[in-house]
Amino acid sequence: MSKRPTNVDTVSDAIANDKEQPWKELGLKQDEYQEIKTILGRRPTSSELAMYSVMWSEHCSYKSSKIYLRQFGEKVTPEMKKDLMVGMGENAGVVDIGEGLAVTFKVESHNHPSYIEPFQGAATGVGGIVRDILTMGARPIAVMDQLRFGAPSDPDTARVVHGVTSGISFYGNCLGLPNIGGETVFDKVYQGNPLVNALAVGVMKHEDLKLAKASNPGDLVILFGARTGGDGIGGVSVLASETFDSTGPTRRPAVQVGDPFAEKVLIECCLELFYAGVVAGIQDLGGAGISCATSELASNGGKGMKVQLQNVLLRDDSLTPEEILMSESQERMMAIVPTKDLKAFEAIVTKWEVEYSVLGEVIDEDRLYINWGEQEIVNVPPRTVAHDGPVYHRPVEYPKYQDALNANSSSSLPRATTPAELAKQIMAIVVSPNQADKSWITAQYDRYVMGNTALSMPDDAGMIRVSEETGLGITLATDANGKYCQLDPYHGAQLALAEAYRNVAVTGAKPKAVTNCLNFGSPENPGVMWQFKQATAGLADACLELGIPVTGGNVSFYNQTGDVAIYPTPVVGVLGVIDNVARRIPSGWQDEGNNIYLLGTTKDELDGSAWAETIHQHLGGKPPVVELAAEKKLADLIHGAAIQGMIEAAHDISEGGLAIAVVEAALRFNVGARIWLDEVLERDDLDLTAALFSESQARVIVSVGREDDVKFQSLCEARGVPVLRIGVTDKASGSIEIKELATFELNEVREGWAKTLPELFG
Amino acid sequence: MPKIIVEIMPKQDLLDPPGKAVANALKRSGHNDIVNVRIGKRIELHFDRPITQADLDNAGRVAASFLSNDVIEDVVAITKED
């Protein structure tokens, strides 16, 4: 028996009577509600109100960030755009990688849902970003995750860590997508607001590119995939636009439950639809569900749409039209299909046992009409819902605490005076949760499924072979450093880019394009807006200098608990291309007797470092100086040397400094080394603490066969990259000997390094 | 043995992937009259003495806070069996 609601608010009701509406409860502001009335020339129906409220929420409309995001499209040169097939504004950017292939990649946040229900929140985060990639016409080939959790000692952290990591592994492993990297950081600022940023990457032939638009009147609007249910209703607006308070979510569940097997079928079904050429436009359903898909498809195509909402296949037929419009049920897609192709479409979806229903058609009119049976419940210009939302110029103010924070440099912190004390500090940092072995997390993920993974954790970046014939591959690295950004958001964002760029470069790949996920506190706080303004400007300027374009991204605001915002955490993902993955460079030493070189110079830069945090629980001062010109030279050098097969291993120096880089390079394949630092101390005028722990930029350690010593050093010289031989690999010793400091047995180091996370969470 | 039985179901509004999978499988094997399946869990708490009202009340609290995840699940029944 049907429980279908009949008493709905229609357009004629809205014309006839102006009643009180719950715009405030739906997260709209007074002036926004007025604006909707002005657009429509009447009050909105409750369905229209639902659509506008969710589409004009911060999460969907980017209303506070829009004016700053523009510069990613403006600060570019024609050279940067050369290989960019699709730039900002689509579901994901698309980059030409040669051989007729293109890659699409994007990172998106699922922070708030992952705090409320860590397992499903993280799982559906993966599902959502994978559908974004699929929507571009690409086959998803890998995922990655950027995670930020609260203090390891806090009892709630384990709940979030367990839920998030098992949610990611569950969804990704069931889909059969390798998880090739990411980053996990613990810090008390993320206690009530963990960050779960999921990245997906896909590959396609140039001609398979699909866009989310409905441009041909008469084409059919088809919803297919999972049925629509009551999950995550208002999830986007309620979860993403309001800061948590103690009361938490009520009414309909604010979370969604994912079904990775349904998604896997949907992926294969969509790819077959694409190859058959029966789809003129396609859009995934994520936040804002049908509201978003219908209005965006119509708006992107510059056309309109007529939709019968009662044709939506439901799990629960008591859902109201407003709820159907806002439902965030997972694993759904909306396709625009020419009438002549309907038969072929039906044949393919039936083969995959995917349910579908024709909702309506594209019309040659700038209007989105949605009917509920005979009753008209929506009649709006689609652009006003999808793209012409409010744009805010929020107040920006330099935070009062900033000067004091920057003045509180780490230079006054006591430094170790004896070799024994330094050795102890090295071990303390090695075993600290942020530097310790992350295998407890990454081992839960399938890193090699599909058989194309060339590099994955714990290497500096993930690498996937794209062409089995030629070996063409892509490299991806994502990085962020909230502490640096707290000290200086402009340069902090640049440092995240520099690190991701360097991590791509050390694999032998050429950095090519950028995506980002900007995690910040409340935009209503002028101090947070200042951080956002600085970070976006820094990132755009640095992309311009490095010559790699931003292809897309995501903004996540309201990451705060009460008045306390997280550190600004812009996550930056860099995509690189490598001609042949057989020429990849691993991060760890392998052979006996190879020379180890330190590339780049070291300054005394310990503010915001792992050393300051772990040894002194200190955060203050200024982050390391950004060295983009040097990063570029370094990347070119490694790329050049990789083509000649000269470099055996290369590892980026970042958090924890040279000491951590040396330990990681040794632990990777259990190959020890003898290291001497006297020449570094002399050349760069440093003490041992700075030499070991400084986080100066544009530095890499590489190992090179002895026979190539002269050749390599001259190459560095020719390319203007400072180089110093700081050691040799020593396989037999099973230890790292740092001259005049200490000898570390690899077995002991590994034991401490590997047990931190299992002891905390295992 | 006296026991308290706690029954937990996924929230009505949420997707239940195992239930959906089983429903599809039943349909494929010809059970056309079964239109939907939802799968929850049954938990038995055993006692070696008679169960009191206090035990039931306590079981209710444990069921809501520990045995179920109230974000996505509902405790639908708490019963005792002597």
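Helices here are DSSP runs of H or I with at least four residues, numbered from the N terminus. The model is a predicted one, so local features need pLDDT of at least 70 and side-chain atom pairs count only at pLDDT 80 or more. Residues are numbered from 1 along each chain as its sequence is written, and side-chain values use heavy atoms, with hydrogens and water left out.

Take H21(A) to begin with. This helix covers residues 526-546 of chain A, and its 21 residues reach 30 Å from the first C-alpha to the last. That is close to the 30 Å expected, where the expected span is 1.5 Å times one less than the number of residues. Because 15 of its 21 residues are buried, H21(A) is largely enclosed by the rest of the structure; buried means under 20% relative accessible area with a 1.4 Å probe, protein chains only. At its start, a side-chain oxygen of A:Asn525 comes to within 2.8 Å of the backbone nitrogen of A:Gly527. Just past the helix, A:Gly547 has a positive phi of about 75°.

Then there are the nonpolar cores, sets of buried Ala, Val, Leu, Ile, Met, Phe, Trp, Tyr and Cys residues joined through side-chain atoms within 4.5 Å. The largest has 54 residues, and A:Phe224, A:Leu273 and A:Phe345 have the most contacts inside it. Leaving out residues up to four places away in sequence, A:Leu273 touches A:Phe224, A:Val278, A:Val279, A:Phe345, A:Ile348 and A:Val349, contact being heavy atoms within 4.5 Å. A second, separate core of 47 residues includes A:Val8 and A:Ala298.

Key: Chains lettered and ligands numbered in written order. Buried < 20%, exposed > 50% of the residue type's maximum accessible area, 1.4 Å probe, protein only. Helix = DSSP H or I, 4+ residues; strand = E, 2+ residues; numbered from the N terminus. Polar contact = N/O pair within 3.5 Å; in protein donor to acceptor, adjacent residues only side chain to side chain.
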